[in-house]
Amino acid sequence: MTRARVLCYLTVILILLLTALLAAAFGFITPDSWKYLHVAQALRQGHGCSLSGEYFAVFPCGYPMAIALSAPSADIGSLLVGSKLVNFLLLSGGFLLLADALRNLPAAALAVLNPLTLHLYRYTWSENLFLFACCGTLFCVARLARQERGYGYAVLLSLFLLIGCLSRYFFGPFASVLFLATWLAFGRRVALKSLPAFLVAGAFFFGYYSFNAAVTGYGSGLERIPAPESLAYLSLVFVQALAKNALAVAASFLVFLALSFRAVRFAGSSGEPADRACLFLLLCGIGYLLVAYGLRVSTQFDLFGSRTLGYGVVFVMAALAGLWLRNREQDRQPVIGLLACGLFSILVLHGSLLPQALQALRSGTFQAPWAGLADYRLRPATDARVVFVFGVPSLGPNVVADVYLYYGDGVKLLLPGMAPYERRESLPQFLARVQMHADQRCVLDFTPFPSRAAFDAALSGSYVVDWNFRKSLLAPEKVYQPSVDPELRDYLLEVFRPARLVDCRDLLTPTSTAATERAGAGPGR
């Protein structure tokens, strides 16, 4: 390996390390991130894949396992920092696997140094394990294509596919795309050599899914409701998100090309084995986008964006770069171009945060995301065993609120059913749940809301379900639906008490019953 090539590898690893350090400094923790961290904590404490003492299957357990294995202790702050280390190891490993499979260092580097990949990388999300499994799958398939005999890489392929199944449920249907891409890109011989690995992974996925269904009632741990939006709205958002994500990746590629014209050149496909690996990646990218579209138009989860479409776009564009870009000479590598591409992506993602962080450091007010976790508790503490939660204080600009940390262990947390991620709960349904838990030291927590107006704002969220083209075909209006059932919202505003805990039994007094009957249902129904 030439000195210039080693410098390219080091440049990519240093960019990933810098991004990981920024992620640890700023946090980038979402509600999903907190669930991963709490499940990892349960694993470290010997409670298995659980959350609040109950078996957890909303996300597969692979990513929390990786965090639990990397963190020095079961402390939630250590796990938070450990998750950034896990992401660094996963993406660095994925890059090395991809570079070996593609035999094209610039293409592999561009796959990880673009704004989309680094955006997903800085968050504590299982997408990072998913990408590692995809890179490992391509690595094994490419190695199988180069070898006439031996099945060692078929066994390793099984391992990467199992890791993928434990990363995200999306990997289950996506695995069929991976096998089809293997057949089309590498041919029948390689596909048949890899078939046992795919069959093992498929059997594992269906077994895991069936076990979840037996324990929780749902294969993925909760009811996946139908998509509430219209097909027209989702299709247009899909096209918009696809264009936006492609532009973000293309911009970073152009920065690379502008500073690498002496080291790389454009060349057509030569039919070499490396080109078949690029074709495999291209087919996977297209298949990823199609599977994501098909699942989202039928099932409710995150709307089209970088998290749902990002890797599909990255796979397609990295594959095209692998097919079209070649090094001019082996001892001339695009080190400066890769460095500029990585720094450009970091500035795109953190440009607005870095000045604020520097100012906070100068003034001595900067606080690491894990610093205030020990004091993040309900004050004053309550002996309630069941809490209806409507919102809790945030931990910072890049670290969202966490209900599990805020209320502590041993408390059953119930949230009102709010669209679009759940079925919208009606007033009778809500009151039935209140009555069910009323004798179990149950409270409604209004402490985060100092006024009725603040509570009203928390209940007044809405989501888009369609377009209205009546006024203009070129600038249609969005059609919204309220997240909270209007009758339930009016009732909660009626029983609201500013900054107080309200005993569930107070809602079942004659006065509250009369209010319920005015809403159209009795509390016992």
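Trainee: Where is Pro420 found?
Mentor: In this predicted model, Pro420 is found in the loop between strand S6 (412-414) and helix H17 (427-437).

Trainee: Which residue does the cis peptide bond join to Pro420?
Mentor: That residue is Ala419. The cis peptide bond between Ala419 and Pro420 has an omega of about 10°.

Trainee: Is Asp409 buried or exposed?
Mentor: Asp409 counts as exposed, because its relative accessibility is 76% and the threshold for exposed is over 50%.

Trainee: Turning to backbone angles, what is phi of Ser52?
Mentor: Phi of Ser52 is positive, at about 55°, although Ser52 is not a glycine. This serine is found in the loop between strand S1 (50-51) and strand S2 (54-55).

Trainee: And is Ser52 buried or exposed?
Mentor: Ser52 is exposed, with a relative accessible area of 53%.

Trainee: What about phi of Ala499?
Mentor: Ala499 is a residue other than glycine, and its phi is likewise positive, near 55°. The loop that holds Ala499 runs between helix H19 (486-495) and strand S10 (501-503).

Trainee: How accessible is Ala499?
Mentor: Ala499 is partly exposed, with a relative accessible area of 43%.

Trainee: Which residues in H19 are buried?
Mentor: Leu488, Tyr491, Leu492, Leu493 and Val495 are buried in H19.

Trainee: What does the side chain of Asp485 reach at the start of H19?
Mentor: A side-chain oxygen of Asp485 comes to within 3.1 Å of the backbone nitrogen of Glu487.

Trainee: A new topic: how do H7 and H10 pack?
Mentor: Helix H7 (residues 127-146) and helix H10 (residues 188-216) pack at an angle of about 125°, and their axes are 9 Å apart. That angle makes H7 oblique to H10.

Trainee: Why are both an angle and a distance quoted?
Mentor: Two packed helices are described by the angle between their axes together with the distance between those axes.

Trainee: What is the handedness of the crossing of H7 and H10?
Mentor: H7 passes H10 in a right-handed crossing.

Trainee: Which residues meet there?
Mentor: From H7, the residues are Val141, Leu144 and Ala145. They meet Arg189, Val190, Lys193 and Ser194 in H10. By class, the contact comprises four nonpolar, one polar and two charged residues.

Trainee: Next, Ser306. Where is its place?
Mentor: Ser306 has its place in helix H13 (residues 306-324).

Trainee: What does Ser306 touch?
Mentor: Leaving out residues up to four places away in sequence, Ser306 touches Leu116, His119, Leu120 and Asn245. The side chains of Ser306 and His119 make a polar contact at 3.4 Å.

Trainee: Where is that His119, and is it buried or exposed?
Mentor: His119 is found in helix H6 (residues 115-122). His119 is buried, with a relative accessible area of 16%.

Trainee: What else does His119 touch, besides Ser306?
Mentor: With residues up to four places away in sequence not counted, His119 also touches Trp125 and Leu349.

Trainee: How far apart are Ser306 and Arg470?
Mentor: C-alpha to C-alpha, Ser306 and Arg470 are 31 Å apart in space. In sequence, Ser306 and Arg470 are 164 residues apart.

Technical notes. Residues numbered from 1 in each chain as written. Predicted model: local features only at pLDDT ≥ 70, side-chain atom pairs only at ≥ 80, totals over all residues. Heavy atoms only, no water. Axes fitted to C-alpha atoms, helices over the stretch in contact; angles between N-to-C directions. Helix = DSSP H or I, 4+ residues; strand = E, 2+ residues; numbered from the N terminus. Parallel < 35°, antiparallel > 145°, perpendicular 65-115°, else oblique. Left-handed = near helix turned anticlockwise from the far one by under 90°. Contact = heavy atoms within 4.5 Å. Nonpolar A, V, L, I, M, F, W, Y, C, P; charged D, E, K, R; others polar. Buried < 20%, exposed > 50% of the residue type's maximum accessible area, 1.4 Å probe, protein only. Polar contact = N/O pair within 3.5 Å; in protein donor to acceptor, adjacent residues only side chain to side chain.
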